[in-house]
Amino acid sequence: MTRKINRRHTYRAGFTLIEMIVVVIIIAVLATAIGPALFKRIGQSKQSVAISNAAAIAQAINLYQMDNGGLPDPSNLAALCARPSSADAKGPWLNNCDDLKDPWGRMFILVVPGVKNANFDVVSYGADGKPGGTGEDTDVTKP
């Protein structure tokens, strides 16, 4: 009588080194192709946010001007979000003083009289914080 020996081979589940290298190379190629386009879109979105925020600040300044008969002090835009001291006084015109900062963390600038507009300009100098520029460094001026 012959007996068959049943041998089972045990295999490890996992990836080989070559498979891991191929996956890392594919991820690196995709990151290289997609990365610059993604960062460009982030810059464009910050520009859009700056335009929107500058328009909101300009609207708040217009309301301040109607309520108080004049523009706020250009060096103190925080007056737009200050709570009035008396109950019959109007304000605040902005809910949060953080709204006075552009997407790059710098305060918007109030230029009186305006260069682009008659009464005033609300200005952000873009990502570089300097006048002029292109792309993400483009200046934002509202209203």
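**Notes on a predicted model**

1. Let's start with Lys90: this residue is exposed, with a relative accessible area of 55%. Exposed means over 50% relative accessible area, buried means under 20%, and partly exposed is in between, using a 1.4 Å probe and protein chains only. A quick word on the ground rules: this is a predicted model, in which local features need pLDDT of at least 70, side-chain atom pairs count only at pLDDT 80 or more, and totals for chains, interfaces and linings use all residues. Residues are numbered from 1 along each chain as its sequence is written, and side-chain values use heavy atoms, with hydrogens and water left out.

2. What does Lys90 pair up with? Its side chain meets that of Asp67 in a salt bridge, at 4.0 Å from N to O. A salt bridge here is a side-chain nitrogen of Lys or Arg within 4 Å of a carboxyl oxygen of Asp or Glu, and a search of the whole structure finds one. Lys90 sits in the loop between helix 1 and strand 1 while Asp67 is in helix 1, so the bridge ties together parts 23 residues apart in sequence. Asp67 counts as partly exposed, at 36% relative accessibility. The helix and strand names come from DSSP runs (helices are H or I, at least four residues; strands are E, at least two), numbered from the N terminus.

3. Next, have a look at the disulfide, meaning a pair of cysteine sulfur atoms within 2.5 Å. The structure holds one, and it joins Cys81 to Cys97 with an S to S distance of 1.8 Å. Both cysteines are in the loop between helix 1 (17-68) and strand 1 (109-111), 16 residues apart. Is Cys81 buried or exposed? Cys81 is buried, at 12% relative accessible area, whereas Cys97 is partly exposed, at 35%.

4. Now for the inside. A nonpolar core is a set of buried Ala, Val, Leu, Ile, Met, Phe, Trp, Tyr and Cys residues joined through side-chain atoms within 4.5 Å. The largest one has 19 residues, and those touching the most other members are Ile57, Ile61, Leu80, Leu94, Leu100 and Val122. Helix 1 gives the largest share of this core, seven residues.

5. Ile18, Val22, Ile26, Leu30, Ile34, Leu38, Phe39 and Ile42 form a surface patch with about 800 Å² of accessible area together. One of these, Ile26, lies in helix 1 and is partly exposed, at 47% relative accessible area. Patch members have over 30% relative accessible area and no salt bridge; like charges are joined within 9 Å, and nonpolar side chains (Val, Leu, Ile, Met, Phe, Trp, Tyr) within 5 Å. The areas come from the Shrake-Rupley method with a 1.4 Å probe, and for residues, only the protein chains shown count as cover.

6. Last stop, the prolines. Where do you find cis peptide bonds? One joins Val112 and Pro113, with omega about -10 degrees, and Pro113 is in the loop between strand 1 and strand 2 (121-124). Another joins Lys142 and Pro143, with omega about 20 degrees; Pro143 is in the segment after strand 3 (140-142).
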